[in-house]
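Please look at the sequence and the structure first.

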Amino acid sequence: MLNEIQKEIFSKKHEKLHLSLLIEVLEGIVEFKSLNEEFQLEILEITNACYRAKHELINDRVYDGFQEIFKESNELGEYHPYLTNVESEDVLEGKTVELPQRMLSTQKAYTFKSINKWLDNVIKTGNMVDISELDIEIRITPKLDGYAGYDDGSTLYTRGNGVRGRDISFAFERGLQVAKSAQRGLGAGEIVISKDYFESNLSKYFENSRNIQASIIAEKNIDKRVQKAMNEGAAVFYPFSKLENWEGKISDLRSDFDAITQNILASCDYDVDGVVLECKNQKIKEKMGATRKHHRWQIALKSNDEKAQVEVLEVIPQTSRNGKLTPVVRINPTKLSGAEISRVTAHHYGMVRDKKIGKGAILEIVRSGLVIPKIEKVIESANADIPDVCPCCNEDLKWVDDSLYCLNTSACKDQIEKSIIHFFDTLGNNDGFGTATISNLNKHGVSTIYDVYLLENNSIKLSELGYKEKTVKNLQDALTRSRTVEIEDWRFLAAFGLNRLGLGVAENLLEHHSIESIFDLDTKELVKIDGFAKKTAIQLVKGLSSIKDVFQKIYSLHFNLTVTPKKSDQLDSNSPIAGKIVVFTGAMTQGARGDMEKQAKLLGAKVGKSVSGKTDFLITGEKVGENKLNAARDKGVKVLSEEEYLSLIND
Ligand SMILES: [Zn+2]
């Protein structure tokens, strides 16, 4: 009894509700009143979305009746977010355009058993196309819980119903950036906002990150705080191809599934609601194909949120490597999504102070499947539990913005040891120096990374520290290896653990400047780099100058660094098409179109798939209709024949 669009909306919105139950409610077989809060809410959301898409399921009177019942039966009464929220614009509303490529949804699974069945299927299909299990590659990525879109290089579309979506290119014009400073045109992805940024800057003003995404793609004026989040690169369009991922064999995946998915989820600073698994072998993908709704070679393991109310036992401060204190909230042990939770982390001490978290406070915590639980809200406050001195070194603490810091950098044991461990962890090529070793070394006065490397040629000191001859040799070999094994210069730089200089930022920085020259950069030069906001730049200049001496000392130990290729070498910015948006159409006579597109990109152009008002050049091959050319000219696009184009770029 539901039409296609209503079914589409149902499949996109429903979580636990079955279609049959919805139909029974609509037909009056099951009373709305008899449902639990969760099902009631889902039905309200689905019927409302259908109404907004102009395919209503129930009339206004019935809807109002449902809403009244929900108001009575839900715990928060009329203050329930569904009843108070200003509605975000719905996907299906407004004028739609055809997507350049169909966007199918992802098949969903909720248990590892279903994943195992899917893997069996992949293996079976592999057998059919002569690919043995050992040659099958699986890729796992986090399943972003943002706002789905498709970027063809000139237009950004909403996913819509998978065939038609809205043109929301204005989001890019407003300053939305592509994640990881990647170029436009990488296809499907999601608009997401950094969780960290949301918690520290926006959670006071917005109920959840959905409201931010809605603001970014709303036609009306954008909220100034959301604008700022875009400017600072915290709200981005994240193409799926750029996501952190795990790749490997099915047997490895099966034996270590939990750890692998945990790692993937932990790598992601955006809202996620599970992981996506896909088979990478082209032949298997083709053989498995797709249903009308989803690809068979891809599946998502979704996690459901679980919430609990818990009592706070105490708040324990922990000093991190940069001196910032993390409030670890110890709670009455509680089962959540199958695991016993006895502690949650508050974002910073500003939160503990403002929300009055301390012994006896009642919190609502939420765990999305495999993700680390977080504090959703404070239900009952208490006396805020705030320390005066560093739990590690007893130094007086200082407030910086919303956080408490121990500024005793050179003598605070936690800071020293955690920084050294971070260095070796980030290099990832030195197994010998784990927590126990570093801690022992620090106890005996070896308290900097440089000091640790001096041990490479000081067996006497190592034996004095109580290490046997064989261990001494192992430790020294480990140090030599970590210096001589080839390692990317950006990884080396990130190992210094500077605030805001993680792996991604370090790589981006070294794509523009050599590692020797970064200490001479000022804020002005840094903000010229795509993806560097002013605030980041200011902090980086400060941070870099603070580690300059330490860095030079360690750098002089001759690590085997590979130099990051410079962006400026990759493209010829003098080319007349550099920075322009170019679209190719029709059959080319001088070479394959794919090759010409590649060449254009090397010259610094962006290659679009279809003509829009922002296209600069339309390059036409053979057999292109006059109508198409005129339409392009009407939009102010310069139309060039293949010969004209070639003489332009070869001049
Ligand atoms: Zn301290």
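Helices (H or I, at least four residues) and strands (E, at least two) are DSSP runs, numbered from the N terminus. This is a predicted model, in which local features need pLDDT of at least 70 and side-chain atom pairs count only at pLDDT 80 or more, while totals for chains, interfaces and linings use all residues. Residues are numbered from 1 along each chain as its sequence is written, and side-chain values use heavy atoms, with hydrogens and water left out.

Q: Why does Ser241 count as partly exposed?
A: Buried means under 20% relative accessible area, exposed over 50%, and partly exposed in between (1.4 Å probe, protein chains only). Ser241 has 46% relative accessibility and therefore counts as partly exposed.

Q: Which residues is Ser241 in contact with, leaving aside its neighbours within four places in sequence?
A: Contact means heavy atoms within 4.5 Å, and on that basis Ser241 is in contact with Arg139 and Leu186.

Q: What makes Cys390, Cys393, Cys406 and Cys412 the protein donors of the zinc ion?
A: Donors are N, O and S atoms within 2.8 Å of the metal (3.2 Å for Na, K and Ca), and water is not among the atoms, so sites may look incomplete. The SG atoms of these four cysteines lie 2.3 to 2.4 Å from the zinc ion, and in sequence the donor residues are spaced C-x2-C-x12-C-x5-C.

Q: What makes the arrangement around the zinc ion tetrahedral?
A: Four donors count as tetrahedral if all angles lie between 85 and 135 degrees; four count as square planar and six as octahedral if opposite donors are over 155 degrees apart and all others between 65 and 115; anything else is irregular. The four donor atoms here subtend angles of 97 to 116°, so the arrangement is tetrahedral.

Q: Why does Cys406 count as buried, and why does Cys393 count as partly exposed?
A: Cys406 counts as buried because its relative accessibility is 1%, whereas Cys393, at 22% relative accessibility, counts as partly exposed.

Q: How do you know that the span of helix H3 is close to the expected one?
A: The expected span of a helix is 1.5 Å times one less than its number of residues. Helix H3 (residues 37-52) has 16 residues and reaches 22 Å from its first C-alpha to its last, close to the 22 Å expected.
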